[in-house]
Amino acid sequence: MPPSLARQFLCAIGLATVVLGAHAQGFPSRPVTIIAPFAAGGSADGIARVVARELGQVLGQSVIVDNRPGAGGATGLLLVAKANPDGYTIGMGATGAIVIGPHLPDAPPLNPEKQLQPLAKLADIPLVLVSGANSGYSNLQSLLNAAKTTEVPLGNAGQYTAHHLSAELLASTTQTRLPAVPYRGSAPAVTDVIGGQVPVAMVDLTSVAGHLKSGTVKALGVTSPNRSKLAPDIPSISESVPGYAAPAWMGMFAPHGLPADVSDKLAKGIQTVLEKPEVQAQILNLSAEPAYLGPKPFETFIKAESRRWATVIAGLPKQPQK
């Protein structure tokens, strides 16, 4: 290579290095948007706002929450996937859209593995199996014993939700007969458990907190591997069914192709936020449990979750929506 061309080549490399360095130092130079694919006012939205407020302080820029609900969380995440991968648009994602939706017969046009980049797991959402006061099932083992020989209808918060599939996983793991009865949310399922229309249901822990205190329903177990910090008196299902674990969860994602320096800055910022005791307390107050994982461990976790739910979904009969 002639000396003049060599000098030009080296100058180009030097300029690129300077530009990349400036990019790393300059992010963020304007507000960052977190797309929350959930309706405003719920626990997930609350967590997004807690993280946004604290992350803004860490990054030195405003972080705005933009609620874009729809299609079980896929609508908002599609916006994240199509955004410029520069770190200024990131989004929340949960169990349904990330590891369940892609395996459904009518899957939305979202491919999380190819379109999204994990930044951090944020929290687990406790699900609980409950029975009616007059159902005759005072603990999990009594339910499983009955369901070995007799069908015991089991309500859930909707077909193909984490609630539905965690119950199906319990049935397949224990070889019991627990036909699904889908509802449009946890609240109507709880109402029918209290009224005796269904003997048991898998629902959000928050939806039955008051009923557990009044004694109109009884908690048989939570789906997380260990007891919930929100309700430590309730046993985990795994205490009776070794190896069972089906937690619902949520995390933060960026568009695929985010530069490594920006990804690192966002991931470390989120870690700093989640390590604050006051943030952990706020998340617990929103009926969720802080459960931080960094980008690589979170990616590994997602792949395992996706394989697990793909297997469960493949064995399911289609169920009508109630």
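Q: Is strand 8 (residues 200–204) mostly covered or mostly open, and how many of its residues are buried?
A: Strand 8 is mostly covered, with 4 of its 5 residues buried. Buried means under 20% relative accessible area, exposed means over 50%, and partly exposed is in between (1.4 Å probe, protein chains only). Strands (E, at least two residues) and helices (H or I, at least four) are DSSP runs, numbered from the N terminus.

Q: Before we go on, what kind of model is this, and how are residues numbered?
A: This is a predicted model, where local features need pLDDT of at least 70 and side-chain atom pairs count only at pLDDT 80 or more, while totals for chains, interfaces and linings use all residues. Residues are numbered from 1 along each chain as its sequence is written, and side-chain values use heavy atoms, with hydrogens and water left out.

Q: OK, back to strand 8. How many bridges join strand 5 to it, and which way do they run?
A: Strand 5 (residues 127–132) runs antiparallel to strand 8, and 5 bridges join them. Two strands pair if DSSP finds at least two bridges between them. Val130 has Ala201 of strand 8 as its bridge partner.

Q: And strand 6, parallel or antiparallel to strand 8?
A: Parallel: strand 6 (residues 154–156) pairs with strand 8 over 2 bridges. Here Leu154 stands opposite Val200 in strand 8.

Q: New topic. How many aromatic pairs are there?
A: The count is 5 aromatic pairs. Rings of Phe, Tyr and Trp (its six-membered ring) pair if their centres lie within 6.5 Å; planes under 30 degrees apart are stacked, over 60 edge-to-face, and the rest tilted. One of the pairs is Trp249 with Phe298, edge-to-face at 5.7 Å centre to centre and 85° between the planes.

Q: Why does that pair tie together separate parts of the sequence?
A: Because Trp249 lies in strand 10 (residues 248–255) and Phe298 in helix 12 (residues 295–314), parts that are 49 residues apart in sequence. Trp249 is buried at 1% relative accessibility, and Phe298 is buried at 0%.

Q: What about Trp249 and Phe301?
A: Trp249 and Phe301 also form an edge-to-face pair, 5.5 Å centre to centre with 75° between the planes. Phe301 is in helix 12, 52 residues from Trp249. Phe301 is partly exposed, at 21% relative accessible area.

Q: Which residues make up the aromatic cluster?
A: Trp249, Phe253, Phe298 and Phe301 form one cluster.
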